[in-house]
Amino acid sequence: MRSVRVGLRPLLNFIVICVTLLSNNMAVFATNRRPNIVLILTDDLDVKIGGMIPLNKTRKLIGEAGISFTNSFVASPLCCPSRASILTGKYPHNHHVINNTLEGNCSSMAWQKSQEPSAFPFLLQRYAGYQTFFAGKYLNEYGSSEAGGVEHVPPGWDYWFALERNSKYYNYTLSVNGKAQKHGQNYSEDYLTDVLANRSIEFLQYKSNYRPFFMMVSTPAPHAPWTAAPQYEGRFNDVKAPRDPNFNVHGKDKHWLIRQAKTPMTNSSVQYLDNAFRNRWRTLLSVDDLVEKVVKKLEVRGELENTYIIFTSDNGYHTGQFSLPLDKRQLYEFDIRVPLLVRGPNIKPNQTCQMLVANVDLGPTILDIAGFDVNKTQMDGMSFLPLMNGKAQNSTWRTDMLVEYEGEGLNVSDPTCPLLGPGVWGCFPDCVCEDAINNTYACVRTVSPSTDLQYCEFDDNEVFVEVYNLTADPFQLSNIAKSIDQEVLEKMNHRLMMLQSCSGPSCRMPGVYDSRYKFDPRMMFSSGGPRISRLRQTLK
């Protein structure tokens, strides 16, 4: 027996040494490992009319633990064009998605061939070695038979749990790695926000621990039909849409579509939008739960400190502003401004950043975090990682961005509003229309130390122009296009044309209120005044 013990002692010592060395090596591996990235994308979540108020856990776990961007905008205030900008890092005139239809290039075969192979998830997976996971709403026409059905899994995704078409909470179909999975209306099994949370937790539990991961969770909330989880149906019963200065007022100096809204709104319209507002908040409580579950799971697994978590939305929303009942699509702050909260390595807690950022920046930023050279892409946006870790020079950060939108209208009259004729869309309630074919516009949104300005041109017979000084007029009550200095109008018109034709690095050239800006009148059109090119022409 003594000889056995003597033989075991060196063996045990050897095992202890091996375990110690392995532990040390694993610690070094964990320390040197590239960060993980989580993107949580909500649907129609505003920031101007109180959308973040019910998200207490999200504000605490992401915003207070990291940085909140107070000037975050979208390149187009509509789901599919905006989501395409997020995925590609491009403005709509470069990714060619102009609305939520297949004809507008939303998840079309053309989109799949031209844009998906260069979207940032593909680059993360192929060239940066990330394992990738998607769950939720992708693009509004995803899963349609004309675009390959749910069998189509975009390149770049290892795990794919995508909603067929637009946001729902019950009675939907998921593409589970290319196979259809139908869900009913049983809350415990089918409520989509919770299903996405559970899928995300499963991925975090069973993914590989030897590769960094990117996880994108795209919730249906707070998009219509605003179906709350049963436990939240009774919340916020006394809440109403905010009665800000631009609520239920006539936009007398604005584009005709805004001027057609009936002011004051009928009592039934106000009741309708107040009810929708409450229901939107109720659906967000399940998003708040999802965020908490993801953060806690990362913490339990010891991965939270090495993970960037980004929380944002595809566009804003309005409920009664300028007497428009419910929608997005407009050029105003409530529709183009979105929340953007980020926590992660080297981001100090409780920070706010006033620099202008856009959803075209999300792709470049995520690639930058992963260590991929963004200059090797054709993206229009820029990485805001330096803004988060304190390495950016504020004097050289961009001061403006492009917003562009292509209006939609029906070819026939709405039978419930026959007097309106064709060419309009979304005329409910009270035959107040939310969109029209000539609601096509492009804007330069400027945020600089000296100026907070919005300049917009419409592609219509009027060539209508709207200009707002947001410093003096944060609710955009007064269009100053006819009173602002003519030189400013010329410079902004020139800048708008430059941005509408930009691609890649040229989209990041200094703006009008940047000290590095140079105005060359020779670049102006020789005659005819302001003009913008319709986005639809890019599809021809």
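Select Phe213. At 0% relative accessibility, Phe213 counts as buried (buried is under 20% relative accessible area, exposed over 50%, partly exposed in between, with a 1.4 Å probe and protein chains only). This is a predicted model: local features need pLDDT of at least 70, side-chain atom pairs count only at pLDDT 80 or more, and totals for chains, interfaces and linings use all residues. Residues are numbered from 1 along each chain as its sequence is written, and side-chain values use heavy atoms, with hydrogens and water left out.

**Aromatic pairs**

The structure holds 29 aromatic pairs. Rings of Phe, Tyr and Trp (its six-membered ring) pair if their centres lie within 6.5 Å; planes under 30 degrees apart count as stacked, over 60 as edge-to-face and the rest as tilted.

Select Phe134 and Trp157. Their rings pair edge-to-face, 5.4 Å centre to centre with 65° between the planes. Phe134 lies in strand S4 (residues 131–137) and Trp157 in the loop between S4 and strand S5 (159–163), so the pair ties together parts that are 23 residues apart in sequence. Helices (H or I, at least four residues) and strands (E, at least two) are DSSP runs, numbered from the N terminus. Phe134 is buried at 1% relative accessible area, and Trp157 is buried at 8%.

Phe203 sits in helix H8 (residues 192–206) and Phe213 in strand S8 (residues 213–218), so the pair ties together parts 10 residues apart in sequence. Phe203 counts as buried, at 5% relative accessibility.

Now widen the selection. Phe120, Phe134, Tyr138, Tyr142, Trp157, Trp160 and Phe214 form one aromatic cluster.

**The core**

Which residues touch the most other members of the largest nonpolar core? Select Met215, Leu298, Ile309 and Phe311: they do, in a core of 55 residues. A nonpolar core is a set of buried Ala, Val, Leu, Ile, Met, Phe, Trp, Tyr and Cys residues joined through side-chain atoms within 4.5 Å. Elements giving two or more residues to this core include strand S1 (36–42), helix H10 (267–300) and strand S9 (307–313). H10 supplies the largest share, 13 residues.

**Salt bridges**

The whole structure has 24 salt bridges (a side-chain nitrogen of Lys or Arg within 4 Å of a carboxyl oxygen of Asp or Glu).

Select Arg329 and Asp435. Their closest N and O atoms are 3.4 Å apart. Arg329 is in the loop between strand S11 (326–327) and helix H11 (333–336), and Asp435 is in strand S17 (residues 435–436), 106 residues apart. Arg329 is buried at 5% relative accessible area; Asp435 is buried at 0%.

Move to Arg495 and Asp400. This salt bridge has its closest N and O atoms 2.8 Å apart. Arg495 lies in helix H14 (residues 486–500) and Asp400 in strand S15, 95 residues apart. Both Arg495 and Asp400 are buried.

**Trp425 and the surface**

Show Arg329 again, with Trp425. The charged end of Arg329 sits over the ring of Trp425, 3.9 Å from its centre (NZ of Lys or CZ of Arg within 6 Å of the ring centre and within 35 degrees of the ring normal).

Finish with Leu410, Val412 and Trp425. Together they form a nonpolar surface patch with about 260 Å² of accessible area. Leu410 is in the loop between strand S15 (400–405) and strand S16 (424–425). Leu410 counts as partly exposed, at 38% relative accessibility. Patches are made of residues with over 30% relative accessible area and no salt bridge; like charges are joined within 9 Å, nonpolar side chains (Val, Leu, Ile, Met, Phe, Trp, Tyr) within 5 Å. Accessible areas come from the Shrake-Rupley method with a 1.4 Å probe; for residues, only the protein chains shown count as cover.
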